[in-house]
Amino acid sequence: NAGVTQTPKFRVLKTGQSMTLLCAQDMNHEYMYWYRQDPGMGLRLIHYSVGEGTTAKGEVPDGYNVSRLKKQNFLLGLESAAPSQTSVYFCASRLTGGNSPLHFGNGTRLTVT
Amino acid sequence: GQQLNQSPQSMFIQEGEDVSMNCTSSSIFNTWLWYKQDPGEGPVLLIALYKAGELTSNGRLTAQFGITRKDSFLNISASIPSDVGIYFCAGLNWDNRKLIWGLGTSLAVNP
């Protein structure tokens, strides 16, 4: 039981390049989330999904797209990376119940030059 | 976006001391969560609180869900060097879909 797995762990992009971050969970969780974490800003929600085939915008969705084609996977895409997207990205998942906490992956550190 | 008011922002203490941090909100929450994040890793759940007034312990950690449902505190007793990290509070919002986060309390422990 691996929990929440994020790939890759590190990536360096040039401005304008695109990439996809993959999140996979093996806990049969319905809800999945993508956050970015920047110094002094805490965790900010980018997009989230409440089930397979559905996605919704969080606080800071601009410049990102997501897809949830399979229940266990939640992909975060950057179509044209910008230096402002340099950050640590965390994926998380949870069950639907009000008393179910979030389980996090170990993060992807992205640098855009 | 909405955030919780978490304080203090940082703490530097001696090993063996007790630590207290808290979070407040202008909104009511039905669930309060406390997470710890070690460098280079994702946040890990420490304690979950589901009922107003609830006091829950996990080893040397104790957390309480405020009676007004608008605040929570976390205490760490007899701190040790491995307590170093960033502690986050989070509240589950009204539709039970999104968590609202504090900005974290950074804890440093001097051996």
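Colleague: What makes you say that β7(A) and β8(A) run antiparallel, and how many bridges join them?

Modeller: This is a predicted model, and in it 3 bridges join β7(A) to β8(A), which run antiparallel. Two strands pair if there are at least two bridges between them, so with 3 bridges these strands count as a pair. As one example, A:N65 stands opposite A:G77 in β8(A). The two strands also form a hairpin, with 5 residues between them.

Colleague: Which other strands belong to the open sheet, and in what order?

Modeller: The sheet has 4 strands in the order β1-β3-β8-β7 of chain A, with antiparallel pairing. β1 (4-7) and β7 (65-67) of chain A are the edge strands: each has a single partner, so one side of each has no neighbour in the sheet. On average, neighbouring strands of this sheet are turned by 20° against each other, ignoring direction.

Colleague: Why is strand β8 of chain A called mostly covered?

Modeller: Of the 6 residues in β8 (residues 73-78), 5 are buried. Buried means under 20% relative accessible area.

Colleague: Why is A:Q25 called buried?

Modeller: The cut-off is under 20%, and A:Q25 has a relative accessible area of 4%, so it counts as buried. A:Q25 lies in strand β3 of chain A. A polar atom of its side chain lies 3.2 Å from the backbone nitrogen of A:N28, and a polar atom of that side chain lies 3.3 Å from the backbone oxygen of A:K71.

Colleague: Over in chain B, what makes the pair B:S72 and B:W34 a polar contact?

Modeller: The limit is within 3.5 Å, and the side chains of B:S72 and B:W34 come to 2.9 Å, so the pair meets it. The side chain of B:S72 also reaches the backbone oxygen of B:Q64 at 2.7 Å. B:S72 is in strand β8 (residues 71-76) of chain B, and at 3% relative accessibility B:S72 counts as buried.

Colleague: How much space lies in the largest pocket, and which residues are closest to its centre?

Modeller: About 640 Å³. The lining has 30 residues, and the closest to the centre are A:Q37, A:V88, A:R109, B:Q37 and B:I86.

Colleague: Which strands each supply at least two residues of that lining?

Modeller: From chain A, β4 (31-38), β9 (87-94) and β11 (108-112); from chain B, β9 (85-92) and β11 (105-110).

Colleague: And how do the residues of the lining divide into nonpolar, polar and charged?

Modeller: The lining of the largest pocket has 11 nonpolar, 14 polar and 5 charged residues.

Note on methods. Residues numbered from 1 in each chain as written. Chains lettered and ligands numbered in written order. Predicted model: local features only at pLDDT ≥ 70, side-chain atom pairs only at ≥ 80, totals over all residues. Heavy atoms only, no water. 1 Å grid on protein atoms, 1.4 Å probe; cavity = no way out; pocket = protein on both sides within 12 Å on 5 of 7 lines; lining within 4 Å. Points joined across faces, edges and corners; volume = space filled by probe spheres on them. Nonpolar A, V, L, I, M, F, W, Y, C, P; charged D, E, K, R; others polar. Axes fitted to C-alpha atoms, helices over the stretch in contact; angles between N-to-C directions. Buried < 20%, exposed > 50% of the residue type's maximum accessible area, 1.4 Å probe, protein only. Polar contact = N/O pair within 3.5 Å; in protein donor to acceptor, adjacent residues only side chain to side chain.
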